[in-house]
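Please keep the sequence and the structure at hand while reading.

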Amino acid sequence: MRIQTRAAATLIMLAIAVPMAPPAWAARGTIRCESRNNNRNFCRVDTENTVTLRRQLSNSPCTRNRTWGFDRNGIWVDRGCRADFDFGRSSGNNSSNNNNAAIAAGILGALAIGAAIASSQPPNAQPVPPPPMVRPVPPPAWAVGTFQAWDSDFRRMVILDIARDGRVFLRDDAGRIVNQGAFRDGSVFWNSGSRSWLAREGPGVMLGDVDSGRHFNFRRS
């Protein structure tokens with residue numbers, strides 16, 4: 001009897017000493033959540049109270065606190081919103097203590113890489129043929145305007161101009177055009193040959209580079 005009591009006590013001590021592994025659904029990452037037939041849907045995941053909209057996939061707008069939101073236990077979508085969301089504190093989402101300026105590392109490098117490659121070609125090299133031109137179409141009203149983000153790699157502000165006719169310009173903090181392109185079908189087709197997707201993010205926009213998979217938050221200026 002005394003041996004059984006000691007064994008039971010040992011098992012209890014081991015249970016206390018060894019930390020429990022977190023559940024699989026608590027892992028940080030990306031989840032797709034969609035509202036079917038315009039109905040509200042709740043996607044259960046441990047958000048750690050940190051969620052950002054990574055990419056809007058629906059024609060219906062995904063607007064935080066209107067057609068999507070979250071709590072610690074998951075993300076909800078409504079009225080046709082369908083999107084990919086980054087969740088967890090490792091998703092790159094910071095609090096608003098940075099005066100609403102987005103930390104977007106390597107924007108100029110990611111979105112202007114075509115221009116950088118072209119400038120590094122030797123003088124006698126065969127010129128690279130330009131990519132096919134894409135005719136722009138007028139973007140939605142929320143995408144029209146001037147937006148800014150902080151590029152920590154270049155330690156400067158980056159300016160994104162989206163015109164009503166669908167022309168898009170990426171400028172450095174001196175106003176010089178770094179890259180330009182055309183808006184069409186929810187994407188920006190850059191003259192450098194690369195492509196980015198564009199989504200609404202609060203009062204600003206989110207621009208994602210298709211080739212590198214990186215995305216950048218721009219606030220309306």
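Is Ile31 buried, partly exposed or exposed? With a relative accessible area of 21%, Ile31 is partly exposed, where buried means under 20% relative accessible area, exposed means over 50%, and partly exposed lies in between, with a 1.4 Å probe and protein chains only. The structure is a predicted model, in which local features need pLDDT of at least 70 and side-chain atom pairs count only at pLDDT 80 or more, while totals for chains, interfaces and linings use all residues. Residues are numbered from 1 along each chain as its sequence is written, and side-chain values use heavy atoms, with hydrogens and water left out.

Ile31 is found in strand β1, and helices and strands are DSSP runs numbered from the N terminus, a helix being H or I with at least four residues and a strand being E with at least two. If neighbours within four places in sequence are left aside, Ile31 is in contact with Cys43, Val45, Ile75, Ala83, Asp84, Phe85 and Phe87, contact meaning heavy atoms within 4.5 Å.

Leu53 has its place in strand β3 and is buried, with a relative accessible area of 0%. Apart from neighbours within four places in sequence, the contacts of Leu53 include Cys62, Trp68, Phe85, Ala199 and Met206. Between Leu53 and Trp68, which are 15 residues apart along the chain, the C-alpha atoms are separated by 9.2 Å.

**The disulfides**

A disulfide is a covalent bond between the sulfur atoms of two cysteines. Here a disulfide is taken as a pair of cysteine sulfur atoms within 2.5 Å, and by this rule the count comes to two disulfides. They are set out in the table.

| Disulfide | S to S distance | Angle about the S-S bond |
|---|---|---|
| Cys33 and Cys43 | 2.0 Å | 95 degrees |
| Cys62 and Cys81 | 2.1 Å | 110 degrees |

The link of Cys33 and Cys43 is right-handed. Because Cys33 lies in strand β1 (residues 29-34) and Cys43 in strand β2 (residues 41-44), this pair ties together parts that are 10 residues apart in sequence. Cys33 counts as buried at 0% relative accessibility, and Cys43 counts as buried at 11%.

The link of Cys62 and Cys81 is right-handed as well. Cys62 lies in the loop between β3 (51-56) and β4 (68-71), and Cys81 in the loop between β5 (74-77) and β6 (82-87), so that the pair ties together parts that are 19 residues apart in sequence. Cys62 is buried with a relative accessible area of 1%, and Cys81 counts as buried at 0%. When the bonded cysteines are counted along the chain, the disulfides follow the pattern 1-2, 3-4.

**Aromatic rings**

How many aromatic pairs does a search of the whole structure find? The search finds two aromatic pairs, and rings of Phe, Tyr and Trp (its six-membered ring) pair if their centres lie within 6.5 Å, with planes under 30 degrees apart counted as stacked, over 60 as edge-to-face and the rest as tilted. Trp68 and Phe70 form a stacked pair, at 6.4 Å centre to centre and with 20 degrees between the planes. Trp68 counts as buried at 1% relative accessibility, whereas Phe70 counts as partly exposed at 23%.

The rings of Trp68 and Phe85 have their centres 4.9 Å apart and their planes at 50 degrees, so this pair is tilted. This pair links distant parts of the chain, with Trp68 in strand β4 and Phe85 in strand β6, 17 residues apart. Phe85 is buried, with a relative accessible area of 0%, and ring pairs link Trp68, Phe70 and Phe85 into a cluster.

**The barrel**

A closed barrel of eight strands runs β7-β8-β9-β10-β11-β12-β13-β14, with antiparallel pairing, two strands being paired if DSSP finds at least two bridges between them. Strand β12 (residues 195-201) and strand β13 (residues 204-209) run antiparallel and are joined by six bridges, and Ser196 stands opposite Asp209 in β13.
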